Amino acid sequence: MNRKIAAVAAIATVLVASACSSSGTSGDSKAATLSTDGKGKKITVWLMDDAQKGWPGVVEAAKAEFKEKTGADVDIQWQTWTNYTTKLDTALLSGNAPDMLEVGNTQAAKYIEAGSFVDLTGVKGQFENSDKWLDSLAASGQSGDGTKTYAVPYYAGARVLIYRKDLFEAAGVKEAPKTLGELKDALTKVKAANASTPNFSALYLPGQNWYTAASFGAGTFGVKGIVAKKDGDKWTGTLTDPKFIEGVKAWNDLQKEFSVGGTTTDEATQDALMAKGNIAAIVGAGWEVGSVTDPKAGDPSLKDKLATIALPGAAAGSTTPAFLGGSDLAVPAKAANAGLGATFMQIYTNTKQQTELAKFAIPNAKNLVAAYKAASPANKATGDAAEGATWFIPNSPLWSGADETALKNAFGAIAAGGDPAAELKKVQDTVVKDLNG
């Protein structure tokens with residue numbers, strides 16, 4: 001059984017319950033409507049408990065506004081990520097899906113392909129700031145070719161440069177670098193100043209951290225269609241585009257010059273390694289600062305010595321495109337109150353609610369990130385990264401962990417001295433074959 005057949009078999013039961021016809025393509029999803037006819041009704045909404053813990057006031061405000069506009073009540077059923085997709089699959093199969101739900105941005109493709117979500121394309125313009133949604137989150141809620149929208153961005157998290165400002169200052173670097181050129185100059189000084197420290201990395205870039213390597217590729221290629229793009233019914237590779245290779249070579253130059261991260265490891269252990277004192281900078285999610293300084297797994301004495309900035313781009317004022325993690329919101333195609341669910345989603349993601357959410361997390365639109373950065377000085381780096389260009393993996397249910405492993409191995413081979421064009425060609429052939437079944 002090839003991978004495409006296996007994937008179709010795996011989601012077939014979901015497809016039967018949620019798609020409007022049995023063909024199972026995203027084009028089968030029914031078009032969304034926005035309803036205000038809710039008097040005497042109650043809709044069911046699934047949200048992760050991140051909101052319950054972090055911004056319950058936003059949820060309550062949206063419920064109140066929804067009640068005033070539609071006359072309907074909202075039953076929020078709090079979820080956790082553990083076994084969530086299994087629970088959702090079961091709900092879709094049994095016909096008991098909620099009227100609106102949250103889904104991880106890397107999980108959405110499976111349900112989009114199965115026709116499990118309503119098609120929001122026709123009403124997208126009625127969602128505030130939809131023309132300014134964060135690149136990565138917007139892409140995760142779209143069809144593979146980017147022409148249709150099935151999920152709305154909710155909130156995000158971003159990767160940034162986390163660095164030891166004490167080591168940078170001791171090496172004579174008094175200001176944060178604003179370009180990749182300035183970063184390279186700064187790292188050269190930091191490396192020289194710590195030449196006597198065993199296994200020192202001025203910038204720890206393990207060879208198999210493919211997300212960071214691909215970000216450099218996106219910095220020259222652009223953020224649309226990273227790894228592969230969909231043309232009609234087929235996926236074609238973009239890893240061998242000369243512009244992408246150019247960016248990868250820039251990453252590899254930094255890796256060779258400043259990192260002792262090795263070629264067979266990824267970023268999984270970088271926080272603990274940085275806490276040991278022989279790493280001056282890493283590229284990681286903003287929350288990793290807490291891991292580095294964790295009293296048990298890290299070194300709390302580094303708390304006031306760490307700083308973060310968005311990874312600079314080639315030109316001043318630009319950033320190297322980041323991959324954003326985060327969540328989307330969607331309406332199941334077989335929801336009992338799909339129109340009301342779409343209206344609650346519209347209210348929950350409007351400017352008012354997202355501006356309030358921005359006190360706690362990166363909001364869903366670039367024009368609202370300023371509120372997030374204003375909430376805390378610690379938010380500036382991740383906010384800058386989100387405001388800049390960001391990229392996303394191929395939005396296909398056939399994308400899998402096997403593809404990520406192949407990419408890890410390819411970039412590890414490049415870091416070990418392999419020819420970038422040749423290694424990227426090999427992995428591109430593998431990934432495209434998988435995506436096309």
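A search of the whole structure identified 18 salt bridges, a salt bridge being a side-chain nitrogen of Lys or Arg within 4 Å of a carboxyl oxygen of Asp or Glu. The structure is a predicted model, in which local features need pLDDT of at least 70 and side-chain atom pairs count only at pLDDT 80 or more, whereas totals for chains, interfaces and linings use all residues. Residues are numbered from 1 along each chain as its sequence is written, and side-chain values use heavy atoms, with hydrogens and water left out.

One of the salt bridges joins D89 to K110, with the closest N and O atoms 2.7 Å apart. This pair links distant parts of the chain, since D89 belongs to helix α4 (residues 84–94) and K110 to helix α5 (residues 108–113), 21 residues apart. Helices (H or I, at least four residues) and strands (E, at least two) are DSSP runs, numbered from the N terminus. D89 counts as buried at 18% relative accessibility, while K110, at 22%, counts as partly exposed. In these terms, buried means under 20% relative accessible area, exposed over 50%, and partly exposed in between (1.4 Å probe, protein chains only).

A further salt bridge is formed by D166 and R164, whose closest N and O atoms are 2.8 Å apart. Here D166 is partly exposed, with a relative accessible area of 23%, and R164 counts as buried at 7%. In helix α18 (residues 420–435), K425 and D429 lie four residues apart, about one turn of the helix, and their side chains meet in a salt bridge of 2.8 Å, N to O. K425 has 40% relative accessibility and counts as partly exposed; D429 likewise counts as partly exposed at 40%.

Aromatic contacts were examined next. The search of the whole structure found 19 aromatic pairs. Rings of Phe, Tyr and Trp (its six-membered ring) pair if their centres lie within 6.5 Å; planes under 30 degrees apart count as stacked, over 60 as edge-to-face and the rest as tilted. The pair F323 and F392 is stacked, because the ring centres are 5.8 Å apart and the planes stand at 10 degrees. F323 is in strand β9 (residues 322–330) and F392 in the loop between β10 (390–391) and α17 (401–415), so the pair ties together parts that are 69 residues apart in sequence. Both F323 and F392 are buried. Elsewhere, ring pairs connect W55, F66, Y154, Y155, F344 and Y348 into a cluster.

Charged groups were also found over aromatic rings. A charge sits over a ring if NZ of Lys or CZ of Arg is within 6 Å of the ring centre and within 35 degrees of the ring normal. The charged end of K87 sits over the ring of W46, 5.1 Å from its centre. R159 lies over the face of Y211, at 4.7 Å from the ring centre.

R159 also takes part in the lining of the largest cavity, together with V160, T212, S215, V283, A310, L311, T320, P321, A322 and A385. On a 1 Å grid over the protein atoms alone, a cavity is a set of points where a 1.4 Å probe fits but cannot get out, and lining residues have an atom within 4 Å of a point. One cavity of 30 Å³ or more was found in the whole structure, and the largest cavity holds about 80 Å³ of space. Grid points are joined across faces, edges and corners, and a volume is the space filled by probe spheres set on the points. Strand β4 (152–164) and helix α9 (210–221) each supply at least two residues of the lining. By class, the lining comprises seven nonpolar, three polar and one charged residues, where Ala, Val, Leu, Ile, Met, Phe, Trp, Tyr, Cys and Pro count as nonpolar, Asp, Glu, Lys and Arg as charged, and the others, Gly among them, as polar.

Backbone features complete the description. Most residues other than glycine have a negative phi. N129, in the loop between α5 and α6 (135–140), has a positive phi near 70 degrees and counts as buried at 13% relative accessibility. V227, in the loop between α9 and β5 (228–231), has a positive phi near 80 degrees and counts as buried at 2%. K305 is placed in the loop between α12 (288–292) and β8 (306–309) and is partly exposed, with a relative accessible area of 33%. The C-alpha atoms of K305 and K165 are separated by 5.6 Å, although these residues are 140 residues apart along the chain.

Note on methods. On a 1 Å grid over the protein atoms alone, a cavity is a set of points where a 1.4 Å probe fits but cannot get out, and a pocket is an open set with protein on both sides within 12 Å along at least five of seven lines; lining residues have an atom within 4 Å of a point.
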